[in-house]
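Below is a briefing on one protein model.

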Amino acid sequence: MPCWVGWFDHLDSGKTGMEVHLASVDAGRKVSLLLMEDEEDVVMILHFFLEREGFAVTVARDGREAEKMIREAAPPEIVIMDVMLPYVDGFQLIAQLRGAVGWRDVPVLMLTAKSEERDIVRGLNAGANDYLAKPFKTKELLARIRRLLK
Ligand code: CA
């Protein structure tokens, strides 16, 4: 599992010594980002690109993994969520995320396979802060992420 360093960056007190140690390894300030995406190509490109842009990226590769992180992991500073995920889709995940302690105010940028108005409206109603239709330019993604983090 890559990039746990950034993941543990924002834990409050009361956590284990190991996590504290991991956090101290990260000297630079990285923004923790959770990517929920099952398409390997997209994961590889975004992971590389976002790490280079200063994000500490954690990946959930399907809906079950994403659910587990929402239940058990510390909330990241931002979530990039593909709508179409195996087992549990993005709409359900947003609902879970908005109900989870600490995750309620985390900005969520939803990725839709196509710019279907119905999906976009449904996603925004479910609690997504913004959306981007695939295929998208990484620069546009970055601009939207930065806007959400302000
Ligand atoms: Ca997908």
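Predicted model: local features only at pLDDT ≥ 70, side-chain atom pairs only at ≥ 80, totals over all residues.

Residues are numbered from 1 along each chain as its sequence is written.

**Overall make-up**

- The average pLDDT of the protein is 85, and 81% of the residues score at least 70.
- The protein has 7 helices and 5 strands; these are DSSP runs numbered from the N terminus, with helices being H or I of at least four residues and strands E of at least two.
- Read from the N terminus, the order of elements is α-α-β-α-β-α-β-α-β-α-β-α.
- Of the 150 residues, 31% count as buried. A residue is buried if 20 or more other C-beta atoms lie within 10 Å of its own, exposed if 12 or fewer, and partly exposed in between, with C-beta atoms placed from the backbone.
- Among contacts between residues at least 6 apart in sequence, 57% join residues at least 24 apart.

**Helix 4 against helix 5**

- Helix 4 packs on helix 5 at an angle of about 5 degrees, and their axes are 10 Å apart. Axes are lines fitted to C-alpha atoms, for helices over the stretch in contact, and angles run from 0 to 180 degrees between N-to-C directions.
- The two helices are therefore roughly parallel to each other; angles under 35 degrees count as roughly parallel, over 145 as roughly antiparallel, 65 to 115 as roughly perpendicular and the rest as oblique.
- On the helix 4 side G63, A66, E67 and I70 take part, and they meet L93, Q96 and L97 in helix 5.
- By class, the residues of this contact are 4 nonpolar, 2 polar and 1 charged. Ala, Val, Leu, Ile, Met, Phe, Trp, Tyr, Cys and Pro count as nonpolar, Asp, Glu, Lys and Arg as charged, and the others, Gly among them, as polar.
- I70 sits in helix 4 (residues 63-72) and is buried, because 24 other C-beta atoms lie within 10 Å.
- Leaving out residues up to four places away in sequence, I70 touches Q96, L97, A100 and W103.
- I70 and L93 are 23 residues apart along the chain, and their C-alpha atoms are separated by 8.6 Å.

**Helix 5 against helix 6**

- Helix 5 (residues 90-98) and helix 6 (residues 117-126) pack at about 15 degrees, with axes 9 Å apart, and are therefore roughly parallel to each other.
- G90, F91, I94 and A95 in helix 5 meet R122, G123 and A126 in helix 6. This contact has 4 nonpolar, 2 polar and 1 charged residues.

**Loop residues**

- E39 lies between strand 1 (31-36) and helix 3 (40-52), and is partly exposed, with 16 other C-beta atoms within 10 Å.
- Y87, in the loop between strand 3 (78-82) and helix 5, is exposed, with 12 other C-beta atoms within 10 Å.
- Phi of Y87 is near 75 degrees, a positive value in a residue other than glycine.
- K134 and P135 are joined by a cis peptide bond, with omega about -5 degrees; P135 is in the loop between strand 5 (130-133) and helix 7 (138-149).
- Most residues other than glycine have a negative phi, and most peptide bonds are trans.

Terms used. Contact = placed C-beta atoms within 7 Å. pLDDT = per-residue confidence, 0-100.
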